[in-house]
Amino acid sequence: RDYVFETSRMEHRLRQFEPLRILLLDEQQRNLLIRRRLPDSEEALHFGAQLQAVSQQTPEMVTSPFLLALTIEVLKNDSNHKIPTNRCDLYEKQVEVTLVRHKCFRQLTVLLDASTHRAAGSFKSLRGIAAHMIFHDKTYDLFRQANLNSECLAALKSSLRADTGGERGNVAKSVESLHLKALREFLEVLAFVCQIKLKRRDFRWDSEDVQKHMQNMWRRRDFSFTVMGRFLLDLYPVGIVSKVGDGQFRFSHLTLQEYLAASYAVRLFGNDPQNLLNELRPLHSRWNREVLQFTACMPQLNDKTFEDFCLLVLKSDDGTGVHCELVQDFLKERGASEKVKEMLRSRLKEIRGTDFMITGLCHPSLELRNGVLSEMK
């Protein structure tokens, strides 16, 4: 892990999963990572105080090296040096920072100086060059600079999986400037396909089932999802998608996959709570439960839709009250809603009314009677 800490911003960072498991951070390792990423002691203390508040709602932020590093990036990129305490807001910032990461790109990319004609070896990262082109270079200026050096041009073409012909126009034609919003939506669709449709972590981009679902769900006509996938998977070191084997990828953290899947669910059905709920059934599936929680707490889900969504969840309760617990979890994370609280009280009264309590208290089973008493407390 020390190698990862020291070189995560350099060219020789780990670029794919090996057959080993990274353990969760303990307090000593967490503090070490924070000190290395935030050498200013005052800034590190400021971050630590905020992290403690965030960990109350999102404990994985302090045990996962990947998520902790992203949280530090959120702090460093925020003008007020603050990290959100709301989980959805925090993950939103993390995705945004990971996609843009201007500082990271600057460290990975050393532009070719056209006046001195430096060799291709001057480029610290060919993938960084590709990243810079895709995210920042709308007029192919970088390509024109690279074209001054044949070795650099060949490497750039290889990195982008572009046309291997020698004509500059062939390469330029194969490169599309990608909009950050389109990249974000592509990630959401991919996460939704993996999490909800296929229920898997690892995926092969060229597999028949992934391609089928992606073609059905990709709705933008201004960008080909094939081109989007080619560029994104070529640039998997940006942090959200990681390579785990020959041709196999996965989202770098399951919670990121769940968050992005929820974001896409809200994008699709944010005004249709019934279809939104239908997409996430069964609600207690290990693949759906966290996506459901994220979905209900998304800021994009307006209050009226949230209320209707909670009502549908409560109505689908089977009489055990388990869906009431779901709605209570929504309120804990999203915040108070008097209308939803009233619906919750009404549903609990139906399920666990006075007659139910009396019957339970009079039941011959001691265990059941104790359970009823516990509910009353």
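Predicted model: local features only at pLDDT ≥ 70, side-chain atom pairs only at ≥ 80, totals over all residues.
**Stop 1: a pair of helices**

Select residues 303-315, which form helix α17, and residues 322-334, which form helix α18. Their axes come within 8 Å and cross at roughly 155°. Angles over 145 degrees count as roughly antiparallel, so α17 and α18 are roughly antiparallel to each other. Their crossing is right-handed.

Now show the side chains where the two helices meet. On the α17 side, pick out Asp 303, Phe 306, Phe 309, Cys 310, Val 313 and Leu 314. Facing them from α18 are residues including His 323, Leu 326, Phe 330 and Arg 334.

**Stop 2**

Next, centre on Met 214. Beyond residues up to four places away in sequence, Met 214 touches Phe 186, Val 189, Leu 190, Val 193, Trp 205 and Phe 225.

**Stop 3: an arginine in α11**

Stay on α11 and select Arg 184. Is Arg 184 buried or exposed? Its relative accessibility is 11%, so Arg 184 counts as buried. Leaving aside neighbours within four places in sequence, Arg 184 is in contact with Glu 92, Val 95, Leu 99, Tyr 259, Leu 260 and Ser 263.

Finish with Leu 99: Arg 184 and Leu 99 are 85 residues apart in sequence, yet their C-alpha atoms are 7.9 Å apart in space.

How values were computed: Residues numbered from 1 in each chain as written. Heavy atoms only, no water. Axes fitted to C-alpha atoms, helices over the stretch in contact; angles between N-to-C directions. Helix = DSSP H or I, 4+ residues; strand = E, 2+ residues; numbered from the N terminus. Parallel < 35°, antiparallel > 145°, perpendicular 65-115°, else oblique. Left-handed = near helix turned anticlockwise from the far one by under 90°. Contact = heavy atoms within 4.5 Å. Buried < 20%, exposed > 50% of the residue type's maximum accessible area, 1.4 Å probe, protein only.
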